Amino acid sequence: MEEDVYRSIVKSSEGLYKEKGSKFISIAIPVLSEEDIRIHLEKIKKQYYDARHHCYAYRLGEYHDKFRANDDGEPSGTAGKPILGQIQSFELTNILIVVVRYFGGTKLGASGLITAYKTAAREAIESAEFIEKTIDDRYVIHFDYPMMNEVMRVFKEENIVNLEQDFQLDCKIHFNIRKTDSKRVFDRFKKIHQISIKNTEDA
């Protein structure tokens with residue numbers, strides 16, 4: 001995958017794995033924050049209140065920089081880590097996967113548990129619809145109204161979609177631009193006199 005592209009899922013999906021009477025129900029959910037994750041975990045624990053374990057893993061951020069795995073009482077490394085491994089294998093982010101286990105009376109052992117949680121997570125992922133998004137830089141430009149035509153020409157030629165605009169004597173436009181195109185577009189605007197451009201993430 002390109003460096004300025006990341007992949008997630010469009011909507012929630014589910015999977016199921018059964019082994020020696022135990023049932024592993026997996027739910028993959030698109031999320032954007034740790035608060036989203038907390039809310040979804042609470043809902044799932046209420047929905048499957050009679051299950052023995054609610055194991056999960058998540059990964060957040062355009063650069064996959066926030067992640068966590070939780071075994072919820074299963075032997076260390078046998079549940080959350082295999083779930084996270086599947087998220088990583090499919091190169092997904094902004095995703096939470098919860099695997100709910102109903103114990104069937106027969107212990108599966110460490111290797112059996114790893115296989116079960118890994119397979120259940122994969123089932124949920126494989127039934128999901130993927131979406132690819134670009135990593136963007138965010139800018140704001142200021143210019144006087146007479147410069148409008150020159151500014152709009154760059155917007156049109158670079159296929160830039162503005163997010164927010166304020167056209168008065170002193171005009172202002174907020175916009176996103178794909179990271180790989182960012183330097184070229186920034187340089188084009190800098191060459192136009194009487195325009196100020198700033199990366200809003202640096203503010």
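Guide: We will go from the sheet to the helices and then to single residues. This is a predicted model, in which local features need pLDDT of at least 70 and side-chain atom pairs count only at pLDDT 80 or more, while totals for chains, interfaces and linings use all residues. Residues are numbered from 1 along each chain as its sequence is written, and side-chain values use heavy atoms, with hydrogens and water left out.

Visitor: In what order do the strands of the open sheet stand?

Guide: Strands (E, at least two residues) and helices (H or I, at least four) are DSSP runs numbered from the N terminus, and two strands pair if DSSP finds at least two bridges between them. Here five strands form an open sheet in the order 2-3-6-4-5, with antiparallel pairing. Strand 2 (13-19) and strand 5 (66-70) are at the edges, each with a single partner strand, so one side of each has no neighbour in the sheet.

Visitor: Which strands does helix 1 touch?

Guide: Contact means heavy atoms within 4.5 Å. Helix 1 (residues 34-47) packs on the sheet and touches strand 3, strand 4 (53-60), strand 5 and strand 6.

Visitor: Is T93 buried or exposed?

Guide: Buried means under 20% relative accessible area, exposed over 50%, and partly exposed in between, using a 1.4 Å probe and protein chains only. T93, in the loop between helix 2 (80-89) and strand 6 (95-102), counts as buried because its relative accessibility is 0%. By contrast, E201 has 46% and therefore counts as partly exposed.

How values were computed
Axes fitted to C-alpha atoms, helices over the stretch in contact; angles between N-to-C directions.
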